[in-house]
Amino acid sequence: MATPILQVRDLRTQFMTDGGIVTAVDGVSFDLHQGESLGIVGESGSGKSVTALSLLRLVPDPGRVVGGKVLFKNQDLLQLTDDEIREVRGRDISMIFQDPQSSLNPVLRTGFQIDEAMLAHGRPKAEAHARTVDLLKQVRIPAAESRVKDFPHQLSGGMRQRAMIAMGLSNAPQILIADEPTTALDVTVQAQILELLGDLNRELGAAVIMITHNMGVVAGLCTRVIVMYAGQIVEQGTVEQIFANPQHPYTWSLLRSMPRVDAVRHERLRSIEGIAPDLLHPPAGCRFHPRCPFRIEKCYTDEPVLEEHGPDNLAACWVTMDRARKEMGADDLVDIRPGAGSGVHKGQVK
Amino acid sequence: MAQAAQIQPTPSAGAANALVRVENVVKHFPAGLGTSVKAVDGVSFEIREGETLGLVGESGCGKSTLARLVTQLIPVTSGHVFLGDVELTRMHGEKLRQQRRQLQMIFQDPFASLDPRMTVGDIIAEPLDNFGVLRGRKRNERVQELLRLVGLNPNFNNRYPHEFSGGQRQRIGIARALALNPKLVVCDEAISALDVSIQAQIVNLLEDLQQKLKLTYLFIAHDLSVVRHISDRVMVMYLGKIVEIADSVGTYSSPKHPYTKALLSAIPVPDPKIQRGRRLVELSGEIPSPINPPSGCRFHTRCPIAHLPTPCADNEPPLEEKVRDHLAACHYSQDV
């Protein structure tokens, strides 16, 4: 396989809070290949957004990237000077955010704001202006010529997000990071934006990192998936493997806890007992063990490492679902309380 | 507005087991210069005793306004809301307040809906205090009973909301809604702000409570997968109108309104094999303004199967029974 365009190694980001140090991203490593579309999924507080912000050194105070490497074109983005990283942002790697309402400046015309993204990287004004109209057409905004003069409040939520995507694409970046780009939008608009991102990914060949809590979004758009829990990667694999044969109990539980619009009959949802850990005091051993139905004694003390469990599949689990299926009858398990499958400290939530 | 008079009440209206009946309810909010936002514009339906009626639609379609009309938190512009045989829309003041004991709400934001300076015990007991129902030790016992009912430690009554997670706060909101033994609980996006794994916990809790306490739910959400899961019947709204009502299996497996079909096609399914093969029904344009809704069928400006100009842009389709217990407001429902 060709060399990845982005290599993240052992990334660690901490927040210095009054209560102590919170390690929001704790040793995250992954590769991003040219033109691929990678999903990072997790619940709130899992560290998925902070991971994305850390790549571009955009972590707000009191947060700080304290370790690791982010290798892009053989240079470590974490070692660049402030001026150098500013050159990379928006030109080589650009980012779109959840809320298009607050990402655009309300007192500046939409077109001007897109021009600005190109002017910042040295494109001549006339050329930038012409390209803005093309970009708006590319993201399928109707009547693009007149829309460039609109203020953000004159656009609908979906159109604002399209304008943000146009801005993100303005310098033809190699990587587009989308942080929950459709969460604030209605489902019909979400579907349109996802289609647009998919098309752009194929047409322009820019790699996309899609950060989301919605497994459905990942299923439609991504080729590879990273699942995060409590600041760490718990599983990584192809989209087919993650959905058909997840190896980490958290991935497995998450998929089963979602009601599906195409469900045939009413089944009780298999929720995950307990709540995500407080990262000020993360649990010892595996961070998922207080909620895991398949925990064994080792999970209480030893932290599992991300290991290969199949082609293209990494999971950080001492048990893995293959074993849980074979030995603990995972597929027929009705009781989903912690320890229910393995019988270790059954039902105790710490 | 002239078309509002054409709306037929649902054929089954008045059935013996209807807990709440809504007839031709209209809510217009003044928007200046003599215009008004037609948030809910001639809506009729019933909520049957013991069922969960799901209400879906995109932002701005009027679903939250409708919830507030059903609970009579805001007055109707015209139309009637009945609770059993009692007409709420004719009541005022203390009489209405007493009726409202039977109608409770659970809100979306578990952070904004709990007073940060009250203890959990006082929050849950506030409805009891408001109606002077229980005092002293009986009151505290009821609070502890409610906490146990929603799966929280009964000794948490002296703690404050900030000590709890989002899911736990939503449980507190549920306990408060149940304090007065209501008949109808309106859940307005009650799980939308929660994480996936916590959503499942709360959905399961709501289902358990419904069985145990014989509750009736009006469950409002924009997440169609959750609504399908929890609801017996589902009602779809577009621009202040109901476009379809049917049991949840019917709505999802054979929608009779093109808007419902488009909405369903837009929900991503968490399975790459299926999701890749699904086709999105694209809607052209944006949702029109509720100040000046389109003529005839309000959906005609975006409808993929509209026959234009007539009848779709001229005549408003009535909400009528297309197959047994499956109502839709569409001239061409057989083509959906």
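A crossing of two helices is left-handed if the near helix is turned anticlockwise from the far one by less than a right angle, and right-handed if clockwise. In this predicted model, local features need pLDDT of at least 70 and side-chain atom pairs count only at pLDDT 80 or more, whereas totals for chains, interfaces and linings use all residues. Residues are numbered from 1 along each chain as its sequence is written, chains are lettered from A and ligands numbered from 1 in the order in which they are written, and side-chain values use heavy atoms, with hydrogens and water left out.

In chain A, helix H5 (residues 125-138) and helix H7 (residues 157-169) have axes that come within 9 Å and cross at roughly 125° (helices, H or I of at least four residues, and strands, E of at least two, are DSSP runs numbered from the N terminus; axes are lines fitted to C-alpha atoms, for helices over the stretch in contact, and angles run from 0 to 180 degrees between N-to-C directions). H5(A) passes H7(A) in a right-handed crossing. Arg131(A), Leu135(A) and Leu136(A) of H5(A) meet Ala163(A), Ala166(A) and Leu169(A) of H7(A) in this contact (heavy atoms within 4.5 Å).

In chain B, 8 strands form an open sheet of mixed pairing, in the order E6-E7-E8-E3-E9-E10-E12-E11 (strands pair if DSSP finds at least two bridges between them). Neighbouring strands of the sheet are turned by 25° against each other on average, direction ignored. Strands E7 (residues 184-188) and E8 (residues 216-220) of chain B run parallel and are joined by 5 bridges, with Leu184(B) opposite Thr216(B) in E8(B). Helix H5 (residues 166-178) of chain B packs on the sheet, touching E6 and E7 of chain B, and its direction makes about 175° with that of E6(B).
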